[in-house]
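Hello,

Here is the structure I promised to pass on to you. Have a look at it first, and then read my notes on what turned up.

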Amino acid sequence: MTELEKTRKRLHFRAWHRGTKESDLLLGRFADAHLATMSVEDLADFEQVLERIDPELVDWITGRETVPANLRTPVLDRILAFNPSE
């Protein structure tokens with residue numbers, strides 16, 4: 001297994017095992033749909049997103065709170081636009 005594959009596997013696990021069911025479903029489904037095609041840079045951005053606390057992420061994803069401009073990344077924008085039912 002390559003380092004890139006190990007990174008993807010680790011991030012997939014972290015996305016599905018956040019601590020709250022809401023975060024698991026939102027980030028886990030995003031990971032299922034996008035991790036396989038993410039670049040090394042995107043994986044690093046996704047890892048930074050996973051470092052945020054669950055309530056903060058859920059508020060951003062559901063639109064209850066606005067993401068601070070200094071924390072916006074292309075990957076976070078993709079998460080915010082992600083619709084798991086599509």
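A residue counts as buried under 20% relative accessible area, as exposed over 50%, and as partly exposed in between. With a relative accessible area of 23%, Arg14 is therefore partly exposed. Please keep in mind that this is a predicted model.

Through shared partners, salt bridges join Arg10, Arg14, Glu47 and Glu51 into one network.

Another salt bridge brings together the side chains of Arg72 and Asp77, at 2.5 Å from N to O. Both ends are partly exposed: Arg72 has a relative accessible area of 40%, and Asp77 stands at 32%.

Now to the helices themselves. H1 (residues 3-16) and H3 (residues 40-50) pack at an angle of about 30 degrees, and their axes are 11 Å apart. Angles under 35 degrees count as roughly parallel, so H1 and H3 are roughly parallel to each other. Their crossing is left-handed. On the H1 side the contact is made by Leu4, Thr7, Arg8, Arg10, Leu11, Arg14 and Ala15, which meet Val40, Leu43, Phe46, Glu47 and Leu50 of H3. Sorted by class, this contact has seven nonpolar, one polar and four charged residues.

The other pair to look at is H2 (residues 21-34) with H4 (residues 54-62), whose axes come within 10 Å and cross at roughly 55 degrees. That angle makes H2 oblique to H4. H2 passes H4 in a left-handed crossing. Glu22, Ser23, Leu26 and Leu27 of H2 make the contact with Asp54, Leu57, Val58 and Ile61 of H4. The residues in this contact divide into five nonpolar, one polar and two charged.

Enjoy exploring it, and write back whenever you like.

Best wishes

Terms used: Residues numbered from 1 in each chain as written. Predicted model: local features only at pLDDT ≥ 70, side-chain atom pairs only at ≥ 80, totals over all residues. Heavy atoms only, no water. Axes fitted to C-alpha atoms, helices over the stretch in contact; angles between N-to-C directions. Helix = DSSP H or I, 4+ residues; strand = E, 2+ residues; numbered from the N terminus. Parallel < 35°, antiparallel > 145°, perpendicular 65-115°, else oblique. Left-handed = near helix turned anticlockwise from the far one by under 90°. Contact = heavy atoms within 4.5 Å. Nonpolar A, V, L, I, M, F, W, Y, C, P; charged D, E, K, R; others polar. Buried < 20%, exposed > 50% of the residue type's maximum accessible area, 1.4 Å probe, protein only. Salt bridge = Lys/Arg side-chain N within 4 Å of Asp/Glu carboxyl O.
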